[in-house]
Amino acid sequence: MKVWFKRSLLGLVVIFIVALVGAAIFLLTFDPNAYKRKLEEIVYERYQRTLAIEGEIELSLFPRIGLSVNGVSLSERNSDQTFMSVDSARFAVAIWPLMSNQFVVDHVSLNGFKVWLEREKDGSFNFSDLLDDTALENVPATTANSGGWIMGSAHAAEVEDPAEGTVSTEPVPAEIPKEEEPGSELSKVLASLKEAVSPDTGKTQFQIDIAGLDFREGEVHYYDHILGGGGQIVGLDMNTGRMTFGQPFDLKFKGRLQGTKPHMEAALDGQALLRLDPYSHIYAAQRINVQVQGDVGSYKTEQLQLKGGVEYQSLVGVVRVQGMELTTQGELASRTMPLSDVQASLSIPDLIYAGQHSLLRIQRMALRTKGNYEHDAVELALDVPDVYTDSNSAEMKSPIVGSFIRSGVDSTGVKLRIEKLSGTDQLLRAERFSVDAVLKQPLQAWVLKVASPLVWQREQKELSWEALKGVFSLEDEGLPNQRVEADVAGSLTWATPVNQWDTHLDIGESTGRIEVDARYQPQTAPNLDFTMQVQDTNFANWIPSAEVRKQRGRVVSGEQQDAEEKFVGPVAGTVMDLSFLNTYTVQGKAQLQNVKVGKLTLDQLKADVGIGQGELLLKLNSTEFYQGSLLSELRLKADSSLRASVDAYGIESGAILEDAFGQTRMSGKSDISARVSASGHTPAAWLRSLSGTFNMDTVDGRVYGLDAFETLASVVDVAKNAFSSQLPPLALGFDLSRSTSFSALSLQSTLRDGVLSFNSMLANSPDLRISMRKPSSINLVDQTLDLILEFRLQSQMRNNANASLLKELFRVTVPVQLVGSLSHPEHRILWNEISSKLVQQALENGLVEKLVGQPLLDTLMDVRETGTALTKRVEQAAPSRSLGVLFRDLVGGM
């Protein structure tokens, strides 16, 4: 017995020594790097991806199997582009648990982990093949339908408390629509979620247990080909608690969000309780608490926090969100409406989406946002009640309501309401979609009320307002009836795959009609195509009277009602930012028939509008423009430069001036040609840089405000009465009841830096010739003019009532100067340049002495005579009077 025991013990020792020596030999001779190529082949055969291991694989066998590797990368499917890479990785596996079908990893450490995720245009992801179900071929079919961690069972469920984000085991409330209805889509989904809470234990599964993961300096890149943008998380540090498939574990992470489309630069910090169960196809995150601080797009967040829970069951395609709460504070640097002091919250108590069952359920989702826009308060609210849709039905317990309010001097209010949901997930219909909008300004209110059925077609992914009807109105005490309105009808369609809006609108205004067809694509470079027809429309009905507008301007500025209007020079005005011309593309055509803008009539007018490559191009063409024709072109560039041309032929200049400005200064059949250019970023800068040419030829016309024959007769009358005690008045006052006719007028002028200089002007009639002396100009910047007109009688005027006076000026040039304000010019006769013997004799015999002290002296004298010549003449004319007083009398009106 003792011999047998000694021999057995000796045998065990020998076996142990042989095993130990064998293990030592294996450890010393085994080279894991020899299997790199085999591993790469297996990965490529399975996933069509290239696995590359650049560094050496280091292996240890006892007491744990340890593995470390450097320079690992995995390519995209069938591509050389990198999908994932790791600078270095280390992990250790316990040996003895392998004997009991358990894979226990002591710790996993990854440094320099990088992954590039993409969503393709078809909606798939570039990692979808790695989640292929065939990778789990050994999983029983019953376990593939196991229930959710959040979903719970028929008796109890782990549900996040929306208020605290904690997990409870309270029974799920039975408040889901159709939940108890046999055969309903929701009951099927819930049944599939509940039927396998406990995994099938009929077959032993290989268990994986990891003590913890530790990621350092990781990067996650994401790009969305559908949205055309993306971002990345850099400097990602992440660690977990003990990980076992099917059991919850803690996750903590931090990093930085970065991106260009949209711009992102923000700190990211968060934690959650995760559950990964590839055997049951369940991936869940509970007790989510994520915080972001920094720039996200145009929003600068001081604090953004996300709390709640989410679960995804890949096999049945179910996503459920519970107790989700998003709160944030910050500033929105939007170009359209920048907001400061933003406070926003989004609450989603419960949401289920099951793609395979075409099911969507939302319960009590609420959005609240408020902030400040300039000096106004802004509020936005949206409430979505219990909404349910599936492949067979759709219903909504109460309307979806939303509102937008801007409070201030100019206030805006918009209310939205969606009612009576019906149909299926393929054809969803809201019986009424209504919008009420109000824009209030001081003493004025714009109102829009419109409603339509709303239809969603899932296959086409198209949203349509198929029968829009409403009213658009303006309330203003300056309107003829204090209120005007127009009926609105039409349709609107949004094709979501291409983000394209199509609309047809019919707008009826009293006896007129406006018809619009438009297509808009708000892409990175927004594009608008439209056609418009306007018939028998009087836009004057929508414009308050000039008196009311003028009175409002005085009230706003604080001026008195009887304050005299004075020109104080050009005001810079608002800075014009035309950079949007670099962004938008517009093509449009419009036809106007019998349209009034104020009193201006536009008939048979065609307009072509285009925006592209940073330039606005507007072309106008009419064959019935005030009994003539019109060709015009305007080019406006993003750098705020302007070029325009106007060619008009045979137009009635008197009628267009009366309609456009309310006064007729000139009439006749006119041909007009103008070319102008300007640059600058304010209206004043445009005016100062205005350059170009202006030419006009008019026949059978009349100039209003001055009767040349009456004025010339008054000149002779003053000269004849030089020795009378009282001089007769000169007919120089501006009076629209007076006029001078001509048979032909020709004018050529040049614009330079806002000054219109006349190269030539000649007006002829059988009895009179009027020309303009150079230099003569109108300063559009200062609103002043300095012109010298030369009148010359070409006949004896025997049939004129003043024929006896006018014959003294037959073939004599009489120069008249117009100087001063453009709105109220002064007329001055240059007496010393009149070659008439009567006038010269009157001047030599003391006409100047008679003119001294007259109230209209500045209109009688040549104001260009200054200095010693004027002083000498005054002294000679009235030596007994004070030189200062006489000089003041002579030039005081200047």
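## Exercises on a predicted model

Val597 lies in strand β34 (residues 595-597); strands are DSSP runs of E with at least two residues, and helices are runs of H or I with at least four, numbered from the N terminus. The model is predicted, so local features need pLDDT of at least 70 and side-chain atom pairs count only at pLDDT 80 or more, while totals for chains, interfaces and linings use all residues. Residues are numbered from 1 along each chain as its sequence is written, and side-chain values use heavy atoms, with hydrogens and water left out.

**Exercise 1.** Classify Val597 and Val435 by relative accessibility.

*Solution.* Start with the cut-offs. Buried means under 20% relative accessible area, exposed over 50%, and partly exposed in between (1.4 Å probe, protein chains only). Val597 has 40%, so Val597 is partly exposed. Val435 has 17%, so Val435 counts as buried.

**Exercise 2.** Trace the pairing from β26 through β27 to β28.

*Solution.* Two strands pair if DSSP finds at least two bridges between them. Step one: β26 pairs with β27 (residues 444-457), antiparallel, over 13 bridges. Asp436 stands opposite Lys449 in β27. This hairpin has two residues between the strands, and Leu443 takes a positive phi near 70°. Step two: β27 joins β28 (residues 462-476) through 12 bridges, again antiparallel. Here Leu454 has Trp465 in β28 as its bridge partner. The hairpin of β27 and β28 has four residues between the strands, with Lys461 at a positive phi near 55°.

**Exercise 3.** Describe the largest nonpolar core.

*Solution.* Begin with the rule. A nonpolar core is a set of buried Ala, Val, Leu, Ile, Met, Phe, Trp, Tyr and Cys residues joined through side-chain atoms within 4.5 Å. The largest has 72 residues; Phe791 is one of those with the most contacts inside it. Helix α7 (residues 708-720) gives the most to this core, with eight residues. Apart from it lies another core of 34 residues, including Ile53 and Phe83. In soluble globular proteins, nonpolar side chains tend to be buried together.
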